[in-house]
Structure formats: C-alpha cells, structure tokens
Amino acid sequence: RAISNFIVPYNLYARHDIDKSYYYRVIKGYYFVVMGTEAVLEGTAAYISPEQLAWLDGTLAEATTGGKPVFLINHQPFLGSHGTTHEAEGMGEQNDAVYAIVSKYKNVFYFSGHIHRNLAANSYERTAEGVNLISVPSLGKSDIPGCGVQVEVYPERVELRGRNFSKNQWIDDFSIQVPLDWQ
C-alpha cells in the first residue's frame, strides 16, 4: 500500500488537491489540521517525517495565534493515552516528538482512533500540559456501530458530545465541557 492510495481517492472525494498525507483546512475561522503517516511500516505505527514535524509546529503556531481551539486529527493516539500500553496501539517512533510540539500550544484538541474502543470515561483526557485528547470509536468496529463525537464550539468552551449517528441519538454518558485557555 502506498500513500498515494490514500491521496488519490481523498482528492476525488473531497474535491481537494493535496499532495501529502498531511494538510489543514480553515473552516469558519477554525483550523482543522490532519496528520498522516508518510510511509507504510510493518505493523500499525505511523511515520512522521522531520518535514511534517516542522510543518506541524508552524501550522499550530499560526492556528493558535487568535486563541481559538485547533482540531488536530491523526489516526494513532499518543502512546500511554486512553489506556494504551503497547507500541502497536500508539503512534510509533515519533510519538514523543509530536507530543513535544503539540503540548507547546493552548486549546489543542487531538482526535485519534485506531484502538476501536467505545466511548467511555477514558475516551477524553486532558494532559498535564493542557492537551485535550479524544479517542473516537470506529464507526463499524465498536460494540455500538455508528457512534462518534459531535464537537460544539462556544466562545469560552468546547463541548464534546457522544452521538449515535446511525440512530440519530445522543449518548448521554458522554458529554464533556472543556473550558478554553485564554492565556
């Protein structure tokens, strides 16, 4: 599998013209930053190049200047988050380098999947450095297919609400309000 197997269908579906597995979009003034592996490795780890690390740092610096929350998306979670204990559950070799960059900035919401767990108490974590980590379930591989997280942004907070999109119902057990840091 080559990275182009992702890029070509993405460009056709989204009507965009990306040439790398990482990119960002600004929607209504909010940055949505997508990271992506740049090599297919054995197992499930990501490879984040020095070029992508520099791009991530610059993009987050730009995105956080106005104090608005930034939504960062990567398939793999940070190792040790959401109950992950094994290398195969985490990002891979660049885990610490990515975290060092992300943790420099305020109001970052890092969404990951990969571990295919249902929404639960450990689906949301706030690190000591203030990074908001959200593990979203697989639409088809969790115990309750069709579940995910709806994000609502307000001037002083971000709300994360569990939603069963297949049944058009809220998941009452998963509703989190995260105050924004304005320092």
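Which residue forms a salt bridge with glutamate 159, and how far apart are the closest N and O atoms? Hold that thought. We will come back to it.

First, a caution. What you see above is a predicted model.

Let's start with the whole chain. The protein chain has 183 residues, and 46% of them count as buried. There are 3 helices and 9 strands. Along the sequence, the pattern reads α-β-β-α-β-α-β-β-β-β-β-β. Now take contacts between residues at least 6 apart in sequence: 52% of these join residues at least 24 apart. The accessible surface is about 9900 Å², and carbon and sulfur atoms own 53% of that.

A quick reminder on pairing. Strands of a sheet pair through backbone hydrogen bonds, either parallel or antiparallel.

Go to strand β4, residues 108-112. On one side, β4 pairs with β3 (residues 70-73) in the parallel sense, over 4 bridges. There, phenylalanine 71 stands opposite phenylalanine 109. β4 also pairs with β6 (residues 132-135), again parallel, over 4 bridges. In that pairing, serine 112 has serine 135 as its bridge partner.

Is β4 mostly covered or mostly open? Covered: 5 of its 5 residues are buried. Here is a rule to remember. In a regular strand the side chains alternate between the two faces of the sheet. In β4, Val108, Tyr110 and Ser112 lie on one side, Phe109 and Phe111 on the other, and both faces are covered.

β7 and β8 (residues 157-164) pair over 8 bridges. Valine 151 stands opposite leucine 160 in β8.

Last topic: charges. Side chains of opposite charge can pair when their charged atoms come close. The model has 5 salt bridges.

Take aspartate 57 and lysine 104, with closest N and O atoms 3.0 Å apart. This pair links distant parts of the chain. Aspartate 57 is in helix α2, lysine 104 is in the loop between α3 (95-102) and β4, and they are 47 residues apart. Aspartate 57 is partly exposed, at 21% relative accessible area. Lysine 104 is exposed, at 51%.

Next, arginine 161 and glutamate 152, at 3.1 Å between closest N and O atoms. Arginine 161 is partly exposed at 23%. Glutamate 152 has 15% relative accessibility, so glutamate 152 counts as buried.

Now back to the opening question. The partner of glutamate 159 is arginine 157, with the closest N and O atoms 2.7 Å apart. Glutamate 159 is buried, with a relative accessible area of 9%.

Methods: Residues are numbered from 1 along each chain as its sequence is written. This is a predicted model: local features need pLDDT of at least 70, side-chain atom pairs count only at pLDDT 80 or more; totals for chains, interfaces and linings use all residues. Side-chain values use heavy atoms; hydrogens and water are left out. Two strands pair if DSSP finds at least two bridges between them. Helices (H or I, at least four residues) and strands (E, at least two) are DSSP runs, numbered from the N terminus. Buried means under 20% relative accessible area, exposed over 50%, partly exposed in between (1.4 Å probe, protein chains only). Contact means heavy atoms within 4.5 Å. Accessible areas come from the Shrake-Rupley method with a 1.4 Å probe; for residues, only the protein chains shown count as cover. A salt bridge is a side-chain nitrogen of Lys or Arg within 4 Å of a carboxyl oxygen of Asp or Glu.
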